[in-house]
Amino acid sequence: MADETPLRADAQLNKERILAAAEDVFMERGAGVSLDDVAKRAGVGIGTLYRRFPSREDLLAATYSARFLAFAETSRARAVDLDPASALRAYLEELVRYTNIYRGFAASLGTVLKIGTPGCLATSQEGARLLHAAQEAGAVRPDISFNDIVCVATAISLATVQDSSPQAHIAHLVGVFMNGIVER
C-alpha cells in the first residue's frame with residue numbers, strides 16, 4: 001500500500017469516512033466485524049470500501065498505521081537507554097499491547113505488518129533492527145527471525161486478550177519466550 005496517486009476530492013472524503021468508521025467499529029466490536037457494517041457506518045457502498053481497501057487486512061493496516069508509527073518511534077527512543085535484549089523485550093511487550101487494542105486483531109498481525117503502510121513498515125523495520133542488534137550483541141540466538149517475533153506476539157496476544165488486567169501475564173509470557181531465545 002505504497003503512496004497512491006492523489007484522489008479526487010470525493011474519493012478522498014470517502015476514504016477518510018471509511019477509515020473513521022472502521023476505527024469506531026473495530027474499537028466497538030473488534031477486528032472481525034463485517035466490512036458491510038464498516039461501509040454502512042461510513043455511508044458508502046461495499047464496492048467503494050473494497051476499491052480502496054481490497055481486504056480486511058488492508059483496512060486494518062490503514063486504520064492502524066498511525067498507531068504503528070507512534071509505536072515504532074517510541075520503541076526507537078526507548079531502545080537508546082536499554083541493552084539490546086531488554087530493548088527487544090520491551091518492543092515485544094508493547095507490540096502485544098498494541099495488538100490487543102482491537103479485539104481479534106492478533107490473528108491478522110503477521111499479514112497486516114506485510115501490507116506496506118508507513119506504520120507497518122516502521123514497526124517491522126524497528127523489530128528487525130532490535131532483533132539484529134540483540135543477535136549482534138550475542139544476546140539472542142542467530143536462528144531467530146522477525147517472523148518468529150511476530151508469531152510469538154500473535155500467540156501472546158491471543159492468550160491475553162481476555163485478561164481483565166493483562167500486563168503481568170504479557171510480561172510473564174514475553175519473559176518465557178525471551179528465556180528460550182537467549183544465546184547460550
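**Close-up 1. Buried face of helix 8.** Helix 8 buries F146, I149, V150, V152, A153, T154, I156, S157 and T160. Buried means under 20% relative accessible area, exposed over 50%, and partly exposed in between (1.4 Å probe, protein chains only). The model is predicted: local features need pLDDT of at least 70, side-chain atom pairs count only at pLDDT 80 or more, and totals for chains, interfaces and linings use all residues. Residues are numbered from 1 along each chain as its sequence is written, and side-chain values use heavy atoms, with hydrogens and water left out. Helices are DSSP runs (H or I, at least four residues), numbered from the N terminus. The buried residues of helix 8 pack against helix 5, helix 6, helix 7 and helix 9. Contact here means heavy atoms within 4.5 Å. Helix 8 has 15 residues and reaches 21 Å from its first C-alpha to its last. That is close to the 21 Å expected at 1.5 Å a residue. The expected span is 1.5 Å times one less than the number of residues.

Close-up 2. Helix 7 covers residues 118-136. Its 19 residues should span 27 Å at 1.5 Å a residue, and the end C-alpha atoms are 26 Å apart, which agrees. G119, C120, A122, T123, S124, E126, G127, L130, L131 and A134 are buried in helix 7. These buried residues pack against helix 4 (56-79), helix 5, helix 6 (109-113) and helix 8. G138 follows helix 7 and has a positive phi, near 80°.

**Close-up 3. Two cysteines, C120 and C151.** The structure holds zero disulfides. A disulfide is a pair of cysteine sulfur atoms within 2.5 Å. The sulfur of C120 has its closest cysteine sulfur in C151, 16 Å away, so the two are too far apart for a bond. C120 counts as buried because its relative accessibility is 0%. C151 is exposed, with a relative accessible area of 53%.

**Close-up 4. Helix 9 and its buried residues.** Helix 9 runs over residues 167-181. Its 15 residues should span 21 Å at 1.5 Å a residue, and its end C-alpha atoms are 21 Å apart, which agrees. I170, V174, G175, F177, M178 and I181 are the buried residues of helix 9. They pack against helix 5 (84-99) and helix 8 (146-160). V176 also lies in helix 9. V176 counts as partly exposed, at 48% relative accessibility. V176 and S157 are 19 residues apart in sequence and 14 Å apart in space, C-alpha to C-alpha.

**Close-up 5. Helix 5 crossing helix 9.** The axes of helix 5 and helix 9 come within 10 Å and cross at roughly 135°. Axes are lines fitted to C-alpha atoms, for helices over the stretch in contact, and angles run from 0 to 180 degrees between N-to-C directions. Helix 5 and helix 9 are therefore oblique to each other. Angles under 35 degrees count as roughly parallel, over 145 as roughly antiparallel, 65 to 115 as roughly perpendicular and the rest as oblique. The crossing of helix 5 past helix 9 is right-handed. A crossing is right-handed if the near helix is turned clockwise from the far one by less than a right angle, and left-handed if anticlockwise. From helix 5, A85, L88, R89, L92, E93, V96 and R97 take part. They meet Q167, I170, A171, V174, G175, F177, M178 and I181 of helix 9.

**Close-up 6. Helix 1 against helix 2.** Helix 1 (residues 9-29) and helix 2 (residues 35-42) pack at about 125°, with axes 8 Å apart. The pair is therefore oblique. Their crossing is right-handed. R17, I18, A21, A22, D24, V25, F26, E28 and R29 in helix 1 meet D37, V38, R41 and A42 in helix 2.

**Close-up 7. Surroundings of F26.** F26 sits in helix 1. F26 is buried, with a relative accessible area of 1%. Leaving aside neighbours within four places in sequence, F26 contacts A31, V33, V38, L59, L60, T63 and Y102. F26 and A72 are 46 residues apart in sequence and 22 Å apart in space, C-alpha to C-alpha.

**Close-up 8. S108 in a loop.** S108 is found between helix 5 and helix 6. S108 is buried, at 9% relative accessible area. Apart from neighbours within four places in sequence, S108 is in contact with E57 and L60.

Conventions
Helices (H or I, at least four residues) and strands (E, at least two) are DSSP runs, numbered from the N terminus.
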